[in-house]
Amino acid sequence: MLIILLSKTTKAFRPKTPIPKTLQPLLSNVTPTRPMSQSTSIPKKLQRVRDHGYDNYMEVEKKTRKVLKFQDLILSQLNHTLPISRLDLLSRRLGFKQHEAGAFVLKFPHVFEIYEHPVQRILYIRLTRRAVLQIQQEKQALIAQVPDAVTRLRKLIMMSNTGRLRLEHVRIARKELGLPDDFEYSVILKYPQYFRLFDAKETRNKYIEIVERDESLAVCAIEKAREKEYREKGVDAEDIRFSFIVNFPPGFKIGKYYRIAVWKWQRVPYWSPYEDVSGYDLRSLEAQKRMEKRAVATIHELLSLTVEKKITLERIAHFRMAMNLPKRLKEFLLQHQGIFYISTRGNLGKLHTVFLREAYKRGELVEPNDLYIARRQLADLVLLSPRKAKVDRELVNYRRDREDDEMVQVRNEFVENGSQSFAVGDNVKKDREGEDDLDSDIVSDAGSDYSDEDDDCLETLDAEDVHLTE
């Protein structure tokens, strides 16, 4: 019965008049197409494309972090010097294995200097003059930009829902925000007209609260970029009103429908990260789209407030609850690979560093500041080739030099003329002085093979604050 019923229904829907033979070839090539989607959201499942410019930047930073740990170890010692005999023991606190610390120090002779104590006749290690100057320059740049850091901290707190942030979360991100180590006293308590520090009764945690909102600071960096692009390029105001600067990584495949989805998403309006959204009804689909784009603007503004326009994903997660950010931050940021870039290099996959793509060009910051320049000088010292470093051969290869001196003395004994012996000694001295003057033009060598993991950079996150998925 079912077969008979189906056959009757199919016959009922057949056209009564037959199709002309001239139209049959044309209709045979026509395939039914789905209507174009009206959604304004970007597809979620996207393949991550690597950008080697940012990954190489993180590889260099991995070396500088290790060097910074050794610098702190040396500066914590008496007279800022450390005996070589204690180097292996103390370096184990930094995650080094046995006999690895000495090899690591010798890779960076422009940062660390090995010398022999004139009285004790013991080898010591200390910082070079260029490394000490770099530390002093970074301290001066950090102190000089404290007023700018105060403004950045005010804007960061203004983006929170309640106008307050946990002191511990700000302390973890103090280096990225350009705050000194003692910012609790030198910044927060020093400017009581801007900040208030109090203890929460429920959790006993310290919070930083803003005293009064300044609406003149509630201007995002992307709004200034839009205005600049509108004035210079003359882009249509309707197309640029809610758009972001998108630069996809090399090799990123952009299909037709993905391009249309991005074009639609660029036109979606959203609320400013500094705007209070507690009074809006966020249950509608349109409100959810606006909040999704507002989260992109919030992370964009957070990265713009940092010194180097980058911060780890785990530290962004500390501000998730306070700034209405989504739970799965990594998947969320991978939807917008033209705005952000997530690098897993330099941390063995333990940390994810988020870059603001529009702020970098060819591996360098487009608008560098003094603190960024001072920090990059340490990276330049790390990348200098150790082959042309000004290293005293008597201090590093002292055993070989002693054998050479004995051979010179033996040769001088067989010289009949005393003046000739003095000439030989003078030539040896000149040759050594010539080898000491090899510090003229130093080339970069980024091929260091050191790949030990950075244990101290991994932060301990609250379970309520972060939910990351690979």
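Predicted model: local features only at pLDDT ≥ 70, side-chain atom pairs only at ≥ 80, totals over all residues.
The chain holds 20 helices and 11 strands. Of its 470 residues, 41% are buried. Contacts between residues at least 6 apart in sequence were also examined; 69% of these join residues at least 24 apart. The accessible surface of the chain is about 28,700 Å². Carbon and sulfur atoms account for 52% of that surface.

Rolling a probe the size of a water molecule over the atoms shows where empty space is left. The count is 3 cavities of 30 Å³ or more. The volume of the largest cavity is about 60 Å³. Its lining includes Ile42, Val246, Phe248, Tyr258, Val262 and Trp265. The run Gln335, His336, Gln337, Gly338 and Ile339 also lines the largest cavity. By class, 7 lining residues are nonpolar and 4 are polar. No charged residue is part of this lining.

Strands E2 (residues 112-116) and E3 (residues 123-127) run antiparallel and are joined by 5 bridges. Glu116 has Leu123 of E3 as its bridge partner. The hairpin of E2 and E3 has 6 residues between the strands. Within this hairpin, Arg121 takes a positive phi near 60 degrees.

Thr81 lies in the loop between helix H3 (52-75) and strand E1 (82-83). The relative accessibility of Thr81 is 15%, under the 20% limit, so Thr81 counts as buried. Neighbours within four places in sequence aside, Thr81 is in contact with Ile74, Tyr115, Tyr124, Ile125 and Arg126. Thr81 and Glu113 are 32 residues apart in sequence. Their C-alpha atoms are 9.9 Å apart in space.

Backbone angles were examined at two further loop sites. Most residues other than glycine have a negative phi. His99 has a positive phi, near 65 degrees. His99 is found in the loop between helix H4 (84-90) and helix H5 (100-106). The relative accessible area of His99 is 61%, over the 50% limit, so His99 is exposed. Arg362 is not a glycine either, yet its phi is positive, at about 55 degrees. Arg362 is found in the loop between strand E10 (360-361) and strand E11 (364-365). With a relative accessible area of 82%, Arg362 is also exposed.

How values were computed. Residues numbered from 1 in each chain as written. Heavy atoms only, no water. Helix = DSSP H or I, 4+ residues; strand = E, 2+ residues; numbered from the N terminus. Buried < 20%, exposed > 50% of the residue type's maximum accessible area, 1.4 Å probe, protein only. Contact = heavy atoms within 4.5 Å. Areas by Shrake-Rupley, 256 points an atom, 1.4 Å probe, with all protein chains shown as cover. 1 Å grid on protein atoms, 1.4 Å probe; cavity = no way out; pocket = protein on both sides within 12 Å on 5 of 7 lines; lining within 4 Å. Points joined across faces, edges and corners; volume = space filled by probe spheres on them. Nonpolar A, V, L, I, M, F, W, Y, C, P; charged D, E, K, R; others polar. Pairing = 2+ DSSP bridges.
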